[in-house]
Amino acid sequence: MPQQLVVTAIGTDRTGIVSKLARLVTDCNCNIIDSRMAIFGGEFTFIMLLSGDPAAISRIEHLLPGLGLELDLTTMTKRTSAHQRKAVAAHYVLEYHGPDKVGTLGSITGLLASRQVYIGSLQSESKTTPDGQTMMHTIMTLELPEGEPARAIEADVMALVTEMNLTGSFHAQT
């Protein structure tokens with residue numbers, strides 16, 4: 001029976017890191033089910049969900065630290081099981097942007113958590129404008145629980161977005 005393993009790697013960005021990590025996965029006879037890569041500052045960050053038989057998963061757990069040392073990466077692994085989806089009433093996208101302030105993401109995600117809204121993905125980025133103002137842009141995919149009216153959640157979220165001097169949208173995912 002296939003097992004799953006989450007692998008993370010963080011280190012100084014340079015060409016070829018993804019190739020070497022992917023080669024290790026292949027050499028261990030594992031499959032990459034899902035992956036994300038981003039550059040934060042000068043740091044490369046990579047997360048993968050792997051699938052393989054027990055021997056393959058054990059092999060990658062054994063070999064990854066050595067490759068991490070070779071590539072000057074901090075690596076971590078964690079065994080996991082397949083994601084069990086909950087009953088979901090609807091899928092939505094929340095997007096907002098505006099001045100970057102401490103606590104914005106925490107406030108919005110706190111409201112979503114209080115309404116039992118599951119965040120399926122999140123991407124947030126801050127940039128400095130030519131006039132020196134720091135602006136942020138965030139996109140989240142959301143899964144609204146059954147029994148929670150989408151309009152009520154939308155109203156609460158958009159009220160908070162407006163209160164925080166942000167501009168945004170909350171719409172059904174297509």
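Reader: Why is Tyr92 called buried?

Author: In this predicted model, Tyr92 has a relative accessibility of 15%. Buried means under 20%, so Tyr92 counts as buried.

Reader: And what makes Phe170 buried or exposed?

Author: Phe170 comes out at 7% relative accessibility, which is again under 20%, so Phe170 counts as buried.

Reader: How many aromatic pairs does the structure hold?

Author: There are 2 aromatic pairs. Let's start with Phe44 and Phe46.

Reader: Why is the pair of Phe44 and Phe46 called tilted?

Author: Their ring centres are 5.9 Å apart, and rings pair if the centres lie within 6.5 Å. The planes stand at 35°; under 30 degrees would be stacked and over 60 edge-to-face, so this pair is tilted.

Reader: How do you know whether Phe44 is buried or exposed, and what about Phe46?

Author: Phe44 has 2% relative accessibility and Phe46 has a relative accessible area of 8%. The cut-off for buried is under 20%, so Phe44 counts as buried, and so does Phe46.

Reader: What makes the pair of Tyr92 and Phe170 stacked?

Author: Its planes are 25° apart, which is under 30 degrees, and the centres lie 5.0 Å from each other, so the pair counts as stacked.

Reader: Which parts does this pair tie together?

Author: Tyr92 belongs to strand β5 (residues 88-99) and Phe170 to strand β8 (residues 167-172), so the pair links parts 78 residues apart in sequence.

Reader: Why is Met37 called partly exposed?

Author: Met37, in strand β2 (residues 31-40), has 46% relative accessibility.

Conventions. Residues are numbered from 1 along each chain as its sequence is written. This is a predicted model: local features need pLDDT of at least 70, side-chain atom pairs count only at pLDDT 80 or more; totals for chains, interfaces and linings use all residues. Side-chain values use heavy atoms; hydrogens and water are left out. Rings of Phe, Tyr and Trp (its six-membered ring) pair if their centres lie within 6.5 Å; planes under 30 degrees apart count as stacked, over 60 as edge-to-face and the rest as tilted. Buried means under 20% relative accessible area, exposed over 50%, partly exposed in between (1.4 Å probe, protein chains only). Helices (H or I, at least four residues) and strands (E, at least two) are DSSP runs, numbered from the N terminus.
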